[in-house]
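Open the structure in your viewer and keep the selection panel at hand. Each stop below says what to select and what is there.

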Amino acid sequence: MFVYEKKLQYPVRIANPNPQLAAVIISQYGGPDGELGASLRYLSQRYSMPYPELKGLLTDIGTEELGHLEMVGTIVHQLTRTLTQEQIESAGFANYFVDHTAGVYPQAASGTPWSAATMAVTGDPIADLTEDLAAEQKARVTYDNILRISDDPDVNDAIRFLREREIVHFQRFGEAVELLRRRLDEKNVYYMNPALNLQA
Amino acid sequence: MADMQTQAAQTAEGCGDTRGTLPACAPLANPYVPYQGQNPDRYTAGRALMKGTLFPGLDLPYRGTGGVEPRDASSIPGMQDLQAVNFAVTELGLYLDTHADDEEAVQLFNQYVEQYEMLRQQAEDSGMALTQMEATTGGCYTWLDDPWPWDAETEA
């Protein structure tokens, strides 16, 4: 089960509201490569993983991603606190405001609501871990692009932290593939699905 | 087998801290990421939280145009020892998931866990409950006390 700890993984204290920036950063809450998808992807894939290292890694990274979801939600919340009427009506935020006011809703920057269609659970460990490597890269690029757009140092400290986590997770998923490979027939790792044919 | 492990360790060391090992003759049509060597260089917990990783070898920041330069840790508001030590535990935990036989990392993990437990106890004693189970300091139910993490006030 999960136990809530009343703290963020990394401090988020944003001094200046900026609804336009919030409407972009919301993509890492509920966009195609955001933290909601990341946590659900790993926490769902872990059930069919055949070896303890793989079960552990997907559980631990999936759990950390829930903490990142909370950080991104906090950034969006703090960027949309105490808005002026002018800020509410501003280009880039009015469309979000009309449906969600200053609530935090899992959607992409384009307005598309979060969808499980943006993630995969194939039940094949090599395919799933390869998807996870790609997912970390895609999230890393989204954070790169946010850093390019944002000039708020309070926001960028937290975004830099989240971006670096993608790189570390990529490294660990790569090592997970190697740990899996060492247990399979090295000449042909595709000779069967270890989740189905090897009950560990 | 022991010889092979020693050889692999030497190779990793020869690569330096920013590089890892790959098999000399790897099977085709497989995804490969270099394996991080045993007992890699580490930042302190405070610096690690600021950087987003405990490992200098994995510290690969974005240097594209736009945005603003990173700040010193001392100027980031709200940076807490508790968060830094907890982050070191999280980061070492992921490392140990794929390097379970790195004894020095296990020792360091245990040290950070002990340190975290101490800081958590201090927080509890001062009335700051991290989990609901700790939320009864002095016979009062403190769980609902502000601040909630997303509401943290900025320092004026």
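Start by selecting α7 (125-149) and α8 (153-182) of chain A. α7(A) passes α8(A) in a left-handed crossing; a crossing has that name if the near helix is turned anticlockwise from the far one by less than a right angle, and is right-handed if clockwise. The helices here are DSSP runs of H or I with at least four residues, strands are runs of E with at least two, and both are numbered from the N terminus. The axes of α7(A) and α8(A) come within 9 Å and cross at roughly 160 degrees, which makes α7(A) roughly antiparallel to α8(A). Axes are lines fitted to C-alpha atoms, for helices over the stretch in contact, and angles run from 0 to 180 degrees between N-to-C directions. Angles under 35 degrees count as roughly parallel, over 145 as roughly antiparallel, 65 to 115 as roughly perpendicular and the rest as oblique.

Now colour the contact of α7(A) with α8(A) by residue class. It holds 16 nonpolar, four polar and seven charged residues. Nonpolar covers Ala, Val, Leu, Ile, Met, Phe, Trp, Tyr, Cys and Pro; charged covers Asp, Glu, Lys and Arg; the others, Gly among them, are polar. Two residues are in contact if their C-beta atoms, placed from the backbone, lie within 7 Å.

A note before the next stop. This is a predicted model, in which local features need pLDDT of at least 70 and side-chain atom pairs count only at pLDDT 80 or more, while totals for chains, interfaces and linings use all residues. Residues are numbered from 1 along each chain as its sequence is written, and chains are lettered from A and ligands numbered from 1 in the order in which they are written. The model scores ipTM 0.96 and pTM 0.93.

Show the side chains of Ala38(A), Arg41(A), Tyr42(A) and Gln45(A) in α3(A), which meet Asp128(A), Asp132(A), Ala135(A) and Ala139(A) in α7(A). By class, the contact of α3(A) with α7(A) has four nonpolar, one polar and three charged residues.

Next, select Ile88(A), which is found in helix α5 (residues 85-88) of chain A. Leaving aside residues up to four places away in sequence, Ile88(A) touches Leu83(A), Phe93(A), Ala94(A) and Phe97(A). For a distance to draw, the C-alpha atoms of Ile88(A) and Ala102(A) are separated by 9.3 Å.

Zoom out to the whole of chain A. Its secondary structure comes to nine helices and zero strands. The C-alpha trace of chain A spans about 65 × 35 × 30 Å along its principal axes. Of the 200 residues of chain A, 46% count as buried.

Bring in chain B. In all, 52 residues of chain A are in contact with 41 residues of chain B. On the chain A side, α4 (52-79), α7 and α8 each give two or more residues, and α8(A) gives the most, with 19.

Select α4(A) and helix α3 (residues 81-98) of chain B. Their axes come within 9 Å and cross at roughly 160 degrees, which makes α4(A) roughly antiparallel to α3(B). Among the residues that meet here are Leu57(A) and Ile61(A) in α4(A), and Gly93(B) and Leu94(B) in α3(B).

Colour it by pLDDT, the predictor's confidence in each residue, from 0 to 100. The mean pLDDT of chain B is 85. Among its elements, helix α1 (residues 2-15) has the lowest mean pLDDT (53) and α3(B) the highest (97). Over residues 1-10 of chain B, pLDDT stays under 50.

Conventions: A residue is buried if 20 or more other C-beta atoms lie within 10 Å of its own, exposed if 12 or fewer, and partly exposed in between; C-beta atoms are placed from the backbone.
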